[in-house]
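This report is for a reader new to the structure shown below.

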Amino acid sequence: MKASDRRLGHSVVIITLLLCLSGTRQSAPPSSPVPGSHLPTGEAGEAHKRVRRGWVWNQFFVLEEYTGTDPLYVGKLHSDVDRGDGSVKYILSGEGAGSIFTIDESTGDIHATKRLDREEQAYYALRAQAVDRLTNKPVEPLSEFIVKIQDINDNEPRFLDGPYVTSIPEMSPVGTSVIQVTATDADDPTYGSSARVVYSILQGQPYFSVEPKTGIIRTALPNMDREAKDRYLLVIQAKDMVGQMGGLSGTTSITVTLSDVNDNPPRFSRRFYQYNVPESLPVASTVAKIKALDDDIGPNAEMEYRIVDGDGLSVLMITTDMETQEGLITLRKELDFENKSSYNLKIEVTNKNTDPRFQALGPFIDTTTLKLVVEDVDEAPVFNLPRYRMSVSEAAKVGTAVGTVSAHDPDAANNPVRYSIDRNTDLERYFNIDATTGVITIAKSLDRETSAEHNITVLAMESQNPAQVGRGHVLISLVDVNDNAPEFPVEYETFVCENSNSGKIIQRIRAVDKDKPPNGHHFYFSLAPGAASNLNFTVQDNKDNTATIVTRRAGFSRQEQAVYFLPIVIVDNGTPSLSSTNTLTVRVCGCDSEGIAHSCNAEAFVLPAGLSTGALIAILACVLTLLVLVLLIVTLRRRKKEPLIFDEEKDIRENIVRYDDEGGGEEDTEAFDMATLRNLNFIQEVKVRRDVTPEIQLFSKAAHKLSPDNVMFREFIWERMKGADTDPCAPPYDSLQTYAFEGNGSVAESLSSLESITSASDQNYDYLSDWGPRFKKLADMYGSSKDSMNS
């Protein structure tokens, strides 16, 4: 028989055990009746009682993972009251009652109808009760019991935290703890060996080992080098049943990374380095890079470089690039091929962070030699000074020398240098420079008050190679001379009250001067010679570059004189001193008792006093509105106007067309068509006028079309043309000849009320002689014959 079958049989035996205590009849003394005793009917002496001992059972056990087809028998409930006649009914309640556990209400047999799993629920608490089938009254009190689920080995160990990743320092000794792994088994640890787990290593030997009971991983080999192999993969197995045959197992993986320690010294790959650099590199430029090799990583590979010997300590320096761990050699000073063409350096490298445990592996220091060869380049000219400072008087004449700059070619050839001024720094061209000597002269009159300093740039270029240009900076300061007279700083608004007394100060004045003397300004104020004797005002010099205007009399009147003009002379202390006459306008004003002016001219009396600001704004708005209306009307009228003549091609009204065309002389036959003048039958296209009625238009067309060839006009034109051809003083042939000749007669007849003297007329025109000499000619022509004869 298999062990599992034995366990199953044993469980069934335990489950079916039911201790039922049968009741026994005992006699009780009359003096002490037992509660609940039943006395038979008809007996009056000794009382007999049947003592009920109740129903008692232990907990039930059910094997988990039952795979049978029939319900699993759990146990049986039985009451002493049950005589097997079906009068007692058993009722089951509690966890799983009706769904997992069922009970035969007549026999009390309990069955499990579903497959149970101890890992989901280890026990069920149920309640049982026996009741009378007919009355449903309890015959036994409610009692609780437990159904425990018995475990079987149906769960393998599991690593809930796997897979694992860890690291240990390289070169760790044997037995160094790496990590501890733990597997859990869901089976019952209190029953059998289903949850007793042991560990073993499936992959990772011979580098690592595992303790079977604790799961601690340890190193098994010494001197594991990260530079040789930095990662290991371990596979650990956990098996239950203490590792016996038939036990279940689970695995996990552990990735072990070796962290770096400083066990490798830095080493240069070469013992000698050489670099060529041009001498034109600026200061702080990197001229060379060297790098030592270190198999370590991170902080253990950080290095420091130093120049320990050589002839370039004052010119070159070395620093460490913290990202690339390279030694950067940079310039402290400019290189000069003409002074020194090469430098030799001895460079040392060390680890920044060292570990005393690994000092025995070798010296953590290395040295190399570096040679820096300087190459000659064609350099730009260099000025002797980085910045020149010059000064010149602002009154200096054009052509005056300001100063001299000097530059030289630093190359061995020492080519000549030519000078010029960068006109971007001297836009007004105030200065010139001699191209050969470098002398700066004044090219334009200077004014310190306009610009006190001029900062110009001088260019120096090699005569053999103009592309090489050096730049020098020159600051030219202008020395001030006294060329500006003092004047009022502002236009003073001075007034005097009509009721002012004599000696009243009405204004304090001061002066300004654009010049800047070394000892500061000092001004003198006085009245002009012609105004010194006036009886109205005087000037008092305060000796502090200010003066006060004081009245000499009282009782000013606007009606007598509304404005006074006071000429004041201001003299400075320059050499030579300059002066100016400034006019101070003093208005006479009406003031109140506190001296506050209210009206200051005679016109103020005429101004209307009743117009407020609002009224003025309203008047201005009305005027603007009228102007807008007028402009609108004019615009509309212009748009409504149309031309009177219909021109199908172009309206040329009010256009002036200018032709700059000269005729070609007598032989020019293309300037214009002469056939128009020679052919009198040519009829010009008639422009249609808007102001002529259609009847008149038709009449006009018919008149032109029906006009016969008039011989008189033809002869007239031919005579004029012949006269123009033979006249040496006539205009050129391409000119336009205009003739005012009407001819005799008209198809439309006379349009005038005045007829000729040959016409028969009944109208009397004798009154024309009374109109004066201007109408004498008409009076002679149209007057009576008698008057004509007398005349």
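## Surface patch, disulfides and a paired strand

A nonpolar patch on the surface is formed by Leu616, Ile619, Leu620, Val623, Leu624 and Leu627, which together have about 560 Å² of accessible area. The model is a predicted one. Leu624, one of the patch residues, is found in helix H2. The relative accessible area of Leu624 is 48%, so this residue is partly exposed; the exposed class begins over 50%.

The next topic is the disulfides. Searching the whole structure gives two of them. With the bonded cysteines numbered in sequence order, the pairing is 1-3, 2-4.

The link between Cys497 and Cys591 is left-handed, with -85 degrees about the S-S bond. Cys497 belongs to strand E35 (residues 494-497) and Cys591 to strand E41 (residues 579-591); the two cysteines are 94 residues apart, and the pair links distant parts of the chain.

The other disulfide joins Cys589 and Cys600, with sulfur atoms 2.0 Å apart. This link of Cys589 and Cys600 is right-handed, because the torsion about its S-S bond is about 115 degrees.

| Residue | Relative accessible area | Class |
|---|---|---|
| Cys497 | 7% | buried |
| Cys589 | 0% | buried |
| Cys591 | 18% | buried |
| Cys600 | 25% | partly exposed |

Cys591 counts as buried because its 18% is under the 20% limit.

The last topic is strand E16. Side chains in a regular strand alternate between the two faces of the sheet. Strand E16 (residues 249-259) has a covered face made of Gly250, Thr252, Ile254, Val256 and Leu258. Its uncovered face holds Ser249, Thr251, Ser253, Thr255, Thr257 and Ser259.

Strand E16 pairs with strand E10 (residues 164-169), and the two run parallel, joined by six bridges. Here Thr166 stands opposite Val256 of E16, a residue of the covered face. Strand E16 also pairs with strand E15 (residues 231-239), in the antiparallel sense and over nine bridges. In that pairing Ile236 stands opposite Thr252 of E16, which is likewise on the covered face.

Terms used: Residues are numbered from 1 along each chain as its sequence is written. This is a predicted model: local features need pLDDT of at least 70, side-chain atom pairs count only at pLDDT 80 or more; totals for chains, interfaces and linings use all residues. Side-chain values use heavy atoms; hydrogens and water are left out. A disulfide is a pair of cysteine sulfur atoms within 2.5 Å. Helices (H or I, at least four residues) and strands (E, at least two) are DSSP runs, numbered from the N terminus. Buried means under 20% relative accessible area, exposed over 50%, partly exposed in between (1.4 Å probe, protein chains only). Patches are made of residues with over 30% relative accessible area and no salt bridge: like charges are joined within 9 Å, nonpolar side chains (Val, Leu, Ile, Met, Phe, Trp, Tyr) within 5 Å. Accessible areas come from the Shrake-Rupley method with a 1.4 Å probe; for residues, only the protein chains shown count as cover. A salt bridge is a side-chain nitrogen of Lys or Arg within 4 Å of a carboxyl oxygen of Asp or Glu. Two strands pair if DSSP finds at least two bridges between them.
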